Amino acid sequence: MTYKILSNKDVKIFEALGSGIIPGGGQHFEMGARDLSEKWLPRTDYLLSRMNLLSRTGMRFLGKLINIFWPMVYLRQFSQMIHLPEDELVILFHRAESSGTLSSALILLLKVLICPPFYGLKEVKESIDYKEKFPNPKNFEGIKA
Amino acid sequence: MIREFKDIKRDINEHADVLVIGSGAGGAVAAKELAEKGIDVILIEEGSYFTSKNYNQDPNDMMGMMWRDSGTTLALGLPPVSITLGKAIGGTTLINSATCFRTPETVIEKWRKSYGCEGLDYKELLPYFEKVENEISVTELSEDVLGAVYQVVKRGAKALGLSAKPLRHNVKNCEGAGICQFGCPRGAKQSTDVSYIPKAIQAGARIFANCRATKLLTESGRIRGVKGKVIDPSNGKAKHNIHITSKIVCLAMGAMITPAFLLKQRLANTSGQVGKNLTIHPCGRVVAEMEEEVNGHHGVSQGGQIDAFAGEGIMLEGIFLPPGLMTMSLPGVGEDHKYIAKHYKNLAAFGVMVSDTTRGRVFRPLLPGFPFSSWYSLNKTDTGKLKKGIEITAEIFFEAGAKRVFTGCTKMPILNSKEDLEIFKTMPVRAWHFELAAFHPLGTCRFGNDPGESVVDMNLESHDIKGLFIPDGSPFPTSLGVNPQVTIMAFATRTSDYIAESIERY
Ligand SMILES: Cc1cc2nc3c(=O)[nH]c(=O)nc-3n(C[C@H](O)[C@H](O)[C@H](O)COP(=O)(O)OP(=O)(O)OC[C@H]3O[C@@H](n4cnc5c(N)ncnc54)[C@H](O)[C@@H]3O)c2cc1C
Ligand code: SF4
């Protein structure tokens, strides 16, 4: 898969962020972000591509910082976030979110690049029983630049 | 016809009597009103032209497509505030919630008495409100279209002796698809791209999309026109040059960009007020998990209001969002997050909008690629109002039977019971404990009769540059306490009347 904005490293970072926030399995619905990363990451890439250069560079840089520092700060581990198993990622983000520090705000920022891309997928909408009130217009021509 | 990037093959060199920059609530209205009076008008808009054929009800695609910078525009401060803006033919009206209010009479009075706006008369504005409401089809919707969240809130409010009322919307045949901020798939919302722009074209206005103004041309204190660039929307790169001369320019880029544009060029600022006095109506959002299925997405996203606290500067208004955005804004990761997503149908949400006394500021763009920089840090009074609004809304939801309530306050993000709410009420909080969003920037080129204190006069013409008008959200010297599109449109209509009457003098 080739992306307009995301590098291979960014892909791994956003995949890890996604699976820490929306892990697979559990009681509520089976699907997790990692299962569908090939589908939602291009949508994250699209959102980034429509930001100005500095914002998207900032977002990617933030991902890189988190990858290195958050495991150290919240798990006391000298491992990059992208190498952590899913259950540890969940613990990591839970601790970051409830820290009451800047990290809580950063989680919110990162969710912008994960939740709308993920929850707009057909299979995810089905698994949470979400359906738009009306189908898309029959004459839908596709999105436009 | 709207000329878009694909239709523009060479540099644009044109002349018009009036050049309008921006096609949102202010610009589109000015273009249509002036063109219908037989004036030769050109309108340029930086964003693209979309129709309901491009709307797929997917917030991810729609934010990328027509929200400026995918919705990441913000004001820095403690806390930073997201201030989303539209970038398209239709401007921010394309992504707004279609709620319509006239300017409150008390606000006009305040401007007249305390903000140097002597001569401004509410009665004189009434025909303009009526005209605008006709043009954009302001209607009262039926209860089923107003949606089930409205019913939940009505129930809770009643138990507390409060009354929830329906909001009025600018829609035609709205069926409550509930996705107004992401392009109305039914073509029901009467944003300016479907209401004013077609009429402007019919009256002979020439409309150019994907055209960014970069420089105002002035000569001896008079406006002469504008220079700009034709932008390739696929990569944001400038392709051709624009040079348009005109006797009059209507700058309607919105209250965040208009002042930054003027500051960058050191124009129209002998008062020193350009960019100052920014008000935004800071908003908090309260979400409740109900026992019952609410299906909040089946109905307009902003159905009802509670105005009982408007006198204190607190308006409660509906707001419901699709799952990606709703889950994004609620706390929780892992199983907690998945629980919320799975119970999306049980969620109800309502917004708290503060009529702010805080004043922020817009600066010239400090970083490349950003059209503005800005600072807004919520003051103590407004923080108190926000907290009170959240408490009232939480109480309403508990009365309506909520299992738990999400406050949007990091100090106590989840209230599991009324007892928790009592604890929340006594809790000291600071502004930065709130997740803030704002949708109504105003005030950054305020109007007034005194050139030493205001940027434009009561006709919205610059005190400094003859022929430069600012008919967008920038001139209003305080927040309105209500959603601003009708106010902006009414004043743009009034200014158009003035321009049409006096154009021979330019
Ligand atoms: C999510 C959301 C919901 C809202 N809901 C409501 C609501 O329910 N009711 C209500 O009354 N208000 C609502 N608003 C606010 C309302 O839509 C705005 O206040 C109003 O549209 C502002 O009008 P404006 O003319 O000042 O600017 P805009 O409508 O923002 O128009 C400015 C236009 O200028 C263009 N522009 C900027 N720079 C340039 C340049 N250099 N060259 C050319 N063009 C340029 C922009 O692309 C834009 O299209 C909402 C806003 C948002 C974001
Ligand atoms: S509620 Fe639906 S049909 Fe009505 S205006 Fe909004 S998006 Fe359009």
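**Close-up views of a predicted two-chain model**

Figure 1. When residues up to four places away in sequence are not counted, B:Pro451 touches B:Ser271 and B:His463. Between B:Pro451 and B:Lys411, which are 40 residues apart along the chain, the C-alpha separation is 45 Å.

**Figure 2. The shell of residues around ligand 2.** Ligand 2 is surrounded by 14 residues. The closest of them are B:Cys174, B:Ala177, B:Gly178, B:Cys180 and B:Cys184. Sorted by class, the shell comprises nine nonpolar, two polar and three charged residues. The largest cavity is the space that ligand 2 takes.

**Figure 3. B:Asn60 and its contacts with chain A.** B:Asn60 is placed in helix 2 of chain B, which spans residues 59-66. The relative accessible area of B:Asn60 is 0%, so the residue is buried. With neighbours within four places in sequence left aside, the contacts of B:Asn60 are A:Arg43, A:Tyr46, A:Leu47, A:Pro116 and A:Pro117.

**Figure 4. B:Lys247 in strand 13 of chain B.** Strand 13 of chain B, formed by residues 237-251, contains B:Lys247. Is B:Lys247 buried or partly exposed? Its relative accessibility is 27%, and B:Lys247 therefore counts as partly exposed. Apart from residues up to four places away in sequence, B:Lys247 touches B:Ala16, B:Asp17, B:Ile223, B:Gly467, B:Ile503 and B:Tyr506. A separation of 9.7 Å is found between the C-alpha atoms of B:Lys247 and B:Arg505, although the two residues are 258 residues apart along the chain.

**Figure 5. B:Thr495 in helix 13 of chain B.** Helix 13 covers residues 485-502 of chain B and includes B:Thr495. B:Thr495 is buried, because its relative accessible area is 2%, and the limit for a buried residue is under 20%. Once neighbours within four places in sequence are left aside, B:Thr495 is in contact with B:Asn459, B:Leu460 and B:Phe469.

**Figure 6. The cis peptide bond between B:Leu78 and B:Pro79.** The peptide bond that joins B:Leu78 and B:Pro79 is cis, with omega at about 0°. B:Pro79 is part of the loop between strand 4 (74-75) and strand 5 (81-83) of chain B.

Figure 7. B:Ala98 is not a glycine, yet has a positive phi of about 70°. The residue is in the loop between strand 5 and strand 6 (99-100) of chain B. With a relative accessibility of 1%, B:Ala98 counts as buried. B:Arg266, likewise a residue other than glycine, has a positive phi near 50°. This arginine is located in the loop between helix 8 (257-264) and strand 14 (283-290) of chain B. B:Arg266 is exposed, because its relative accessible area is 70%.

**Figure 8. Chain B as the setting of the close-up views.** Chain B has 13 helices and 23 strands. Along the principal axes, its C-alpha atoms fill a box of roughly 65 × 50 × 40 Å. A compact globule of 506 residues would have a radius of gyration near 23 Å, and the 22 Å of chain B therefore agrees with that expectation. Of its 506 residues, 66% count as buried. Among contacts in chain B with a separation of 6 or more, 73% are between residues 24 or more positions apart.

**Figure 9. Chain A, the partner in the contacts of B:Asn60.** Chain A, which supplies A:Arg43 and A:Tyr46 among the contacts of B:Asn60, has seven helices and zero strands. Its radius of gyration is 16 Å, close to the 15 Å that the globule rule gives for 145 residues, so chain A is as compact as a globular protein of that length. The C-alpha atoms of chain A fill a box of roughly 55 × 40 × 30 Å along the principal axes. Buried residues account for 54% of the 145 residues in chain A. For contacts in chain A with a separation of 6 or more, the share between residues 24 or more positions apart is 64%.

How values were computed:
Residues are numbered from 1 along each chain as its sequence is written. Chains are lettered from A and ligands numbered from 1 in the order in which they are written. This is a predicted model: local features need pLDDT of at least 70, side-chain atom pairs count only at pLDDT 80 or more; totals for chains, interfaces and linings use all residues. Side-chain values use heavy atoms; hydrogens and water are left out. A residue is near a molecule or strand if one of its heavy atoms lies within 4 Å of it. On a 1 Å grid over the protein atoms alone, a cavity is a set of points where a 1.4 Å probe fits but cannot get out, and a pocket is an open set with protein on both sides within 12 Å along at least five of seven lines; lining residues have an atom within 4 Å of a point. A molecule sits in a cavity or pocket if more than half of its atoms lie within 2 Å of its grid points. Ala, Val, Leu, Ile, Met, Phe, Trp, Tyr, Cys and Pro count as nonpolar, Asp, Glu, Lys and Arg as charged, and the others, Gly among them, as polar. Helices (H or I, at least four residues) and strands (E, at least two) are DSSP runs, numbered from the N terminus. The radius of gyration is taken over C-alpha atoms; the globule rule is 2.2 Å times the number of residues to the power 0.38. Buried means under 20% relative accessible area, exposed over 50%, partly exposed in between (1.4 Å probe, protein chains only). Contact means heavy atoms within 4.5 Å.
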